[in-house]
Every structure is written in C-alpha cells, then in structure tokens.
Amino acid sequence: MVSNGHALLRQACDICAIAMSLVAYVINSLVNICLISTQNFFSLVLALWDAVTGPLWRMTDVVAAFLAHISSSAVAMAILLWTPCQLALELLASAARLLASCVVFHLTGLVLLACVLAVILIVLHPEQTLRLATQALSQLHARPSYHRLWEDIVRLTRLPLGLEAWRRVWSRSLQLASWPNRGGAPGAPQGGPRRVFSARIQPQDTPPEAEEEVIRTAPARGREQLNEDEPAAGQDPWKLLKEQEERKKCVICQDQSKTVLLLPCRHLCLCQACTEILMRHPVYHRNCPLCRRSILQTLNVYL
Ligand SMILES: [Zn+2]
Ligand SMILES: [Zn+2]
C-alpha cells in the first residue's frame with residue numbers, strides 16, 4: 001500500500017514536472033518569437049531607411065560635386081577670359097583717344113583752313129565778298145528777332161549807369177521797404193505825389209538812421225523847390241506840362257505812369273511793377289499808399 005502510494009506520488013510529481021517544463025518551454029518559445037520578430041522589424045525599418053535616404057544622399061553628393069565643378073570651371077574661365085577682355089578694353093580706350101585727338105586736330109585744321117580760305121577770298125575777290133556780306137546782312141535785317149535784339153541793346157546802352165542812378169534805385173528800394181509800415185491818416189484826400197512827399201517831410205515818432213534821412217530828404221528838397229516854383233508854373237506852359245506829367249507818374253517809384261486802379265478805395269496811383277511788389281506783402285500790409293485802406297482787388301487801367 002505504502003509502495004503504491006509512493007509510486008503514485010512519484011508519478012504525480014513527474015507529471016507536474018513535465019507540465020511545468022512544458023509551460024516553461026512554451027513561455028520561452030513565445031519570448032523568443034517576440035524578440036526575433038522585434039529584431040526583424042527593426043532590421044526591416046533600417047533597411048527601408050537606407051533604401052529611402054541612400055539615393056537622397058547620393059543625389060546631394062552628386063549636386064555638390066556638380067556645383068563645385070561648375071564654380072571651379074567658372075573661376076578658370078574668368079581667369080582665362082580676363083586677359084583678353086582687359087586687352088580689348090585697353091584697345092577700345094586707345095582707339096577712342098586716337099579718335100578724339102584726330103577730331104580735335106581736324107577741327108583746328110578745319111578752322112585754320114576756313115580762315116585761310118576766307119582771307120584768300122577777300123584778297124582775290126573783294127567785290128564778291130562785299131556782295132555776300134551785304135546779302136547776309138540784309139537777310140539778318142529781314143528777321144524781326146534781330147530788330148528786337150538790337151532795340152534791347154540800344155535800351156541797355158542808354159541806361160544811366162552812373163552813381164546817381166544807383167543812389168536813386170537805393171532810395172526807391174528804401175521807400176518801398178518802409179512805406180507800408182508808415183502810419184497815415186485814413187480817408188485823406190488824394191493829393192498825388194505831393195501828398196506822399198509832404199508825408200515824408202513830416203517828423204516821425206522814431207528817428208530813422210542818418211543815411212536814410214539824407215536819402216529821404218534829398219527828393220523832398222527837390223519837391224520843395226518844385227512847390228516854390230508852383231505860382232510861376234501856372235503861367236509857364238512848359239512847367240504846367242511838366243507838372244501834369246509828374247501827376248501821371250506812380251506815387252511810389254515816380255517813374256512809370258499810373259496804370260493800376262486799387263479797389264475798393266478806387267485810387268489810381270500805382271504802376272504795374274510797384275503793384276506787383278506791393279501785392280507780395282502780407283495781406284495786412286497791402287494798403288493803399290494814399291488812403292491806407294486795405295487793397296482787396298486791383299484793376300489794370302489803359303489810358
Ligand atoms: Zn511805380
Ligand atoms: Zn486809396
């Protein structure tokens with residue numbers, strides 16, 4: 001009985017050991033399968049990566065080699081081509097210099113030739129040259145621009161360019177610069193140039209500089225002399241005419257005739273040039289020189 005039980009126990013133990021070894025074998029084989037499959041998977045991934053990136057690397061290598069080849073060949077070409085280009089440029093520069101010197105030489109030669117020809121023509125055929133000159137002059141006279149130019153030259157030569165003229169210009173510019181600031185009685189009657197000169201003689205609040213005083217009193221003195229002559233001017237027609245001419249002149253420059261009517265005061269006392277100078281002042285300085293009313297508009301008057 002005991003031996004039977006012992007044998008049964010041994011058999012059971014054997015069965016258990018066999019079962020456990022079977023289980024261990026199965027687990028071992030499963031783990032092995034897993035490991036091998038992961039190894040295979042990684043090797044597959046690596047092979048795929050190589051297959052994909054290999055051509056790219058090769059292509060970049062090829063492109064880099066190609067670029068290096070191109071750059072080196074470009075450098076070589078530049079080195080090869082620079083010398084002929086430099087030579088060609090130097091050739092062009094020397095040719096241009098030669099051409100310029102030839103042209104200058106030929107120009108001077110042509111001018112000299114023309115001079116020699118003109119002298120020969122004058123010496124050999126004086127009557128023909130005279131005829132040619134008269135023809136050219138008559139053609140020149142036929143053009144209106146020539147007459148205009150000649151008139152301008154004559155007017156320029158007639159200009160009084162002495163010291164006295166410059167002093168007059170200076171005194172007029174001083175008058176122009178100072179008269180808009182000078183206070184005047186509004187609504188004063190129109191007196192023409194006389195009114196302006198009498199205002200100039202009046203003593204002012206602020207004494208001006210000595211030089212300005214001299215310049216201002218000089219025309220005033222002349223005007224006083226004219227006023228002294230006034231009783232006789234009534235009889236002398238020449239002086240009457242002179243007085244009338246004076247009245248027609250602009251009250252500022254005393255030179256041009258009055259051609260601009262100021263509105264709204266309707267004083268006709270300025271010439272075109274003085275009006276233009278006056279209208280360049282600010283609006284609050286654009287006053288009529290006779291009545292001090294502000295000028296809103298100007299009208300050109302043709303007498
Ligand atoms: Zn004027
Ligand atoms: Zn006025």
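Me: Leaving aside its neighbours within four places in sequence, which residues is Thr129 in contact with?
Reply: This is a predicted model, where local features need pLDDT of at least 70, side-chain atom pairs count only at pLDDT 80 or more, and totals for chains, interfaces and linings use all residues. Residues are numbered from 1 along each chain as its sequence is written, and side-chain values use heavy atoms, without hydrogens and water. Contact means heavy atoms within 4.5 Å. Beyond those neighbours, Thr129 touches Leu121 and Ile122.

Me: Why does Thr129 count as buried?
Reply: Thr129 sits in helix α2, residues 126-142. Helices (H or I, at least four residues) and strands (E, at least two) are DSSP runs, numbered from the N terminus. Buried means under 20% relative accessible area, with a 1.4 Å probe and protein chains only. Thr129 counts as buried because its relative accessibility is 18%.

Me: How far is the backbone oxygen of Pro126 from a polar atom of the side chain of Thr129?
Reply: Stay with Thr129 in helix α2. A polar atom of its side chain and the backbone oxygen of Pro126 are separated by 2.7 Å.

Me: What separates the C-alpha atoms of Leu278 and Cys288?
Reply: Leu278 belongs to helix α9, residues 272-279. Leu278 is buried, as its relative accessible area is 1%. Cys288 is 10 residues from Leu278 along the chain, and their C-alpha atoms are separated by 9.4 Å.

Me: What percentage of the residues in the protein is buried?
Reply: The protein has nine helices and three strands. It has 303 residues, and the buried share is 17%.

Note on methods: Chains lettered and ligands numbered in written order. Buried < 20%, exposed > 50% of the residue type's maximum accessible area, 1.4 Å probe, protein only. Polar contact = N/O pair within 3.5 Å; in protein donor to acceptor, adjacent residues only side chain to side chain.
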